[in-house]
Amino acid sequence: MMNDKTLEQTILFTQMVAHKQGWLLNPDKDFYDTLVEGLMQNYNRYGYFFCPCRDAEGRYELDKPAICPCIWSKPDIAEFGHCYCALYLSREFVAAGKTPRAIPDRRFEQA
Amino acid sequence: MNLQNLPVVTKQGTRNDYSIMVYALSTCGFCKRALAFLDANNFSYRYLYVDLIPVDVKNAIKQELKERFKENVAFPFAVIDDKKYLIGFIEADWRSTLQV
């Protein structure tokens, strides 16, 4: 489709978000490639950059909180050193040489 | 769970100690890591990318998993021997549960 995002555009999007927030992109290239391709696929499926590690409803009003960067990325990066899908990492987390692991999904904390 | 007519992929490994069914997202890095972990440790398993099936079918699967295991459904969601489960990929947990 004419409005589809390319991989290059999606990479640029993630770079811009990371730069703006002072985060780093996942330095594990294979992991990063999976996520950025997933983000691109989600954009081209739903029309927005839905988090690649969460399940989408396919309806903007329901999916909005988990559109990248999701509303939980800041508290997750502050607490765990990386966001839920581990696309964005804190500088301290990377400097310490830590590896991201699955973290609780704050989406479920909302009763 | 009736998975007939769904694009469930069967991987054949040398370890058949468990019946492993993984519900995953095709877009997710941790899901990919989880499947790679099972491959690297030669497990036989099945997996289904739930983001590639009709939404109503996906929602029915999620509802069933939620009711059965009393857990919020996140991915990867692995069901082992129809009774144990693993949610998300934390390698140490998978190693422990699958006795690797």
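Predicted model: local features only at pLDDT ≥ 70, side-chain atom pairs only at ≥ 80, totals over all residues.
In chain B, five strands form an open sheet of mixed pairing, in which the strand order is β1-β3-β2-β4-β5. The edge positions are taken by β1 (residues 9-11) and β5 (residues 84-87) of chain B; each has a single partner strand, so one side of each is left without a neighbour in the sheet. From one strand to the next, the twist averages 20°. Strands of a sheet pair through backbone hydrogen bonds, in either a parallel or an antiparallel manner. The antiparallel arrangement applies to β2 (residues 20-24) and β4 (residues 77-80) of chain B, which are joined by 4 bridges. Within this pairing, B:Met21 has B:Val79 of β4(B) as its bridge partner.

Helix α1 of chain B packs on the sheet and touches β1, β2 and β3 (residues 45-49) of chain B. The direction of α1(B) makes about 160° with that of β2(B). The helix spans residues 29-40 of chain B and includes B:Ala36. B:Ala36 counts as exposed because 12 C-beta neighbours lie inside 10 Å, and a residue is assigned to the exposed class at 12 or fewer. Between B:Ala36 and B:Asp82, the C-alpha to C-alpha distance is 21 Å, at a separation of 46 residues in sequence.

At the interface between the chains, 16 residues of chain A are in contact with 14 residues of chain B. The side of chain A that touches chain B is made up of 8 nonpolar, 5 polar and 3 charged residues.

Terms used:
Residues numbered from 1 in each chain as written. Chains lettered and ligands numbered in written order. Contact = placed C-beta atoms within 7 Å. Nonpolar A, V, L, I, M, F, W, Y, C, P; charged D, E, K, R; others polar. Helix = DSSP H or I, 4+ residues; strand = E, 2+ residues; numbered from the N terminus. Buried ≥ 20, exposed ≤ 12 C-beta atoms within 10 Å, placed from the backbone. Pairing = 2+ DSSP bridges. Axes fitted to C-alpha atoms, helices over the stretch in contact; angles between N-to-C directions.
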